[in-house]
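Welcome, and thanks for taking a look at this one.

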Amino acid sequence: MFHSFRQAMAWLHTWFGLVLGFVLMAAFFFGALSVFDREIDRWAIPATRFEPQPMPSFEKVLRPAFERLQPPPEMVEAMRPRVDGPMPERFDRIAYWSAYTTHRDPVLAIYAGWEVPGARNPDEQLYAVGTIDPRDGTPLPDDRLKIGSGFFFPLHYGLTLDWKNLGIWIVGFSALVMLAALVSGVVMHRKLFRELFTFRPGKARLRSALDLHNLTGVVALPFHFFFAFTGLVIFSATYYFPLGHTQLHELHELHEQHEAAALGLPHGRSGVPAGLANVDAMVGEAQRRWEARGMAGDVGFLVLQHVGDANGYVSVYRAGTDRIALVGQGIHFKADTGALLREDPPATPVARVAEFLTGLHLQHFRHWLLRWLYVFGGLMGAVCIATGFVFFVEKRKRQHARVGSQGVRIVDALAVTTVTGMVLAALGILVANRLLPEALPGRGDWERFAFWGTWALALVHAGWRSAPVARGLPNPAWREQCWAIAVLALAAAVLNWITTGDHLLRTLAAGYWPVAGLDLALLAVAAIAAAAGHRLGRRAEAAARIGAHGGEAAHA
Amino acid sequence: MSATPVPASHPRLRIAARTGAAVLGGYAFTWGFIAACTALAVKLGMDFHDAEFLASALGLLLFLAVFLGTVASRRGALLLWGVLLGGGALLAAAGSLLQASIA
């Protein structure tokens, strides 16, 4: 089909990059924002603007909070057809209670799962998620959308298209294409080292767009490869190649039995009721043991399996604040007696590689410089893809104009939507978050509508203004959406001030960086967008002066 | 299996056949590779989740190589489909046989 390997790679790079580039933009951009997901949560939910808290006392805070949890009624209804006999009034066959926290979490997310009597598939469980204030256990309303960790983060790996995990599959395929685009891009260019130092902004649009595409691609090449690859690795065994749940289910079962034998408890429930010893004492014992190993630390993950059953046990994991791994050093206790069952042996070499790859992608450890480098790496990926679109359009614009093709007009409008439109959508949800009434029922849904609505408007606007592209001229929507970004970003920062009183002078003076940082970022975005809009405007005026026919001039 | 050349007058069909082989054939082949590798590593005494992780990571890199190679290959698309699906099925069968010999 192709005459040479390089030609095949160029074809693959162009067309797969074009089609999946739109998805990759979202993965990179919202991934870059997810680096500060918990900080964005603080901005979006003013009631949670306080300092991060350690894992609270189980007996005083967690136990009452867990006991309040029940599966949501709609989930119970949804499962009813797959259960023989009636659903219980209250679910008490607890599969697990767990809580996870990091050095950046003021509020605590708690999780519970229940086995359902009569379930046709005994592995199908009901579960619930709650959020509490760890200082006193007060439940926080869970319909407040955590815009960072509850929206931008899942958007980054699954586009929030939950039906059959479709979004996760689309993003996964795009990640494979990202890897292929990196390899094929390197094959196409060859003069890799020179690209590092080449950017000619003054040259023709075509050349400078390509320079920037190559520069951002090559400078951050290891970053792009690492994140696309580890993103796939993290989800591989769960979604993309779920062998342990399908073809190799028996091997997985066998492994679970080995694990149970190592723990010294039978696998699964016994059916014999049993009490729960003091969990705080177990946590204290775990911390003493970590200290004895010379690695004193906080609890990151606490899990109680089969609560109320004689086979129940409690696992305490050390927070990975100073480690790449999310958590580690697990110590397990028998739930009814509090007796030590097992200390996890040191991780195997393969497990350490796995911890390193996933831990470095998710970055729950403390390293603020690296955190910022991730943001810039992610944005560089977004710039690389965006300049790819621009190059595609610029290269074909005149030729398409000659033959009357609408191809690049459509691509350009979609590029406007994915570049400036995506930023507008992210700002739209932040503005809606500050404008919607506090007590509005289903507030989180309205915030999501604001996000998708803003994005849809950006698409309509980009398409409506795209006619000049078919004549070989730029789309004025680029410039206009830049100005819209400047206005919305400024509005979000000002609205935060008006609705919460937390203006920059106050948050900076108090050193409350989660909110100060986002406000500063919003102002920076406003300034950059205004500068870009201004520049594009001057360029359009210059083009109109030297007598471009119709096009820009007609719209000015 | 012999590669039936698709007439040059159907360039879109040719592209669809080839990219289909690269994506779907590549997936099937990778599935088989991960199944065989995981089962083999467990057979050789590795922990299940270690084996699963190692095989997945290698499998994803293999998928990338197969994907690129299939797009660039000078062989006919039909042959590539056959090799990838057949190879994937053989590897998956090897994985199941290894599992049966352990569990």
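## Salt bridges

Over all chains, the count comes to 27 salt bridges. Keep in mind as you read that this is a predicted model. As a reminder, side chains of opposite charge can pair when their charged atoms come close.

Why does Asp502(A) count as buried? Its relative accessible area is 15%, and buried means under 20%. Arg506(A), in turn, is partly exposed because its relative accessible area of 44% falls between the 20% and 50% limits.

Shared partners also matter elsewhere in chain A: salt bridges join Asp37(A), Arg38(A), Glu39(A), Arg104(A) and Asp105(A) into one network.

## A pair within one helix

Glu285(A) and Arg288(A) meet through their side chains in a salt bridge of 3.0 Å, N to O. Where do these two residues lie? Both are in helix α11 of chain A, which covers residues 279-292, and they are three residues apart, about one turn of the helix. Glu285(A) counts as partly exposed, because its relative accessibility is 23%.

## A nonpolar patch on the surface

Now let us turn to the surface. Which residues form the nonpolar patch? They are Leu490(A), Val494(A), Trp497(A), Ile498(A), Leu508(A), Trp513(A), Leu520(A) and Leu523(A), and together they have about 770 Å² of accessible area.

Two helices of chain A, α16 (477-500) and α18 (513-545), each supply at least two residues of this patch. The most comes from α16(A), which gives four residues. Leu523(A) lies in helix α18 of chain A. With a relative accessible area of 31%, Leu523(A) is partly exposed; patch members need over 30%, so Leu523(A) passes that cut-off.

## Domains of chain A

Chain A is divided into domain 1, made of 52-144 + 265-362, and domain 2, made of 404-546. How many Å separate the centres of these two domains of chain A? Taken over C-alpha atoms, the separation between the centres of domain 1 and domain 2 is 41 Å.

## An enclosed cavity

A search of the whole structure for cavities of 30 Å³ or more finds one. The largest cavity has a volume of about 40 Å³. What lines the largest cavity? Its lining is made of Tyr100(A), Thr101(A), Thr102(A), His103(A), Ala319(A), Gly320(A), Thr321(A), Leu326(A) and His364(A).

## Chain B

Finally, a look at chain B. Its secondary structure comes to three helices and zero strands, which gives the pattern α-α-α when read along the sequence.

Along the principal axes, the C-alpha atoms of chain B fill a box of roughly 55 × 25 × 15 Å. Chain B has 103 residues, and buried residues make up 46% of them.

Note on methods
Residues are numbered from 1 along each chain as its sequence is written. Chains are lettered from A and ligands numbered from 1 in the order in which they are written. This is a predicted model: local features need pLDDT of at least 70, side-chain atom pairs count only at pLDDT 80 or more; totals for chains, interfaces and linings use all residues. Side-chain values use heavy atoms; hydrogens and water are left out. Patches are made of residues with over 30% relative accessible area and no salt bridge: like charges are joined within 9 Å, nonpolar side chains (Val, Leu, Ile, Met, Phe, Trp, Tyr) within 5 Å. Accessible areas come from the Shrake-Rupley method with a 1.4 Å probe; for residues, only the protein chains shown count as cover. A salt bridge is a side-chain nitrogen of Lys or Arg within 4 Å of a carboxyl oxygen of Asp or Glu. Buried means under 20% relative accessible area, exposed over 50%, partly exposed in between (1.4 Å probe, protein chains only). Domain bounds come from an automatic or database domain assignment. On a 1 Å grid over the protein atoms alone, a cavity is a set of points where a 1.4 Å probe fits but cannot get out, and a pocket is an open set with protein on both sides within 12 Å along at least five of seven lines; lining residues have an atom within 4 Å of a point. Grid points are joined across faces, edges and corners, and a volume is the space filled by probe spheres set on the points.
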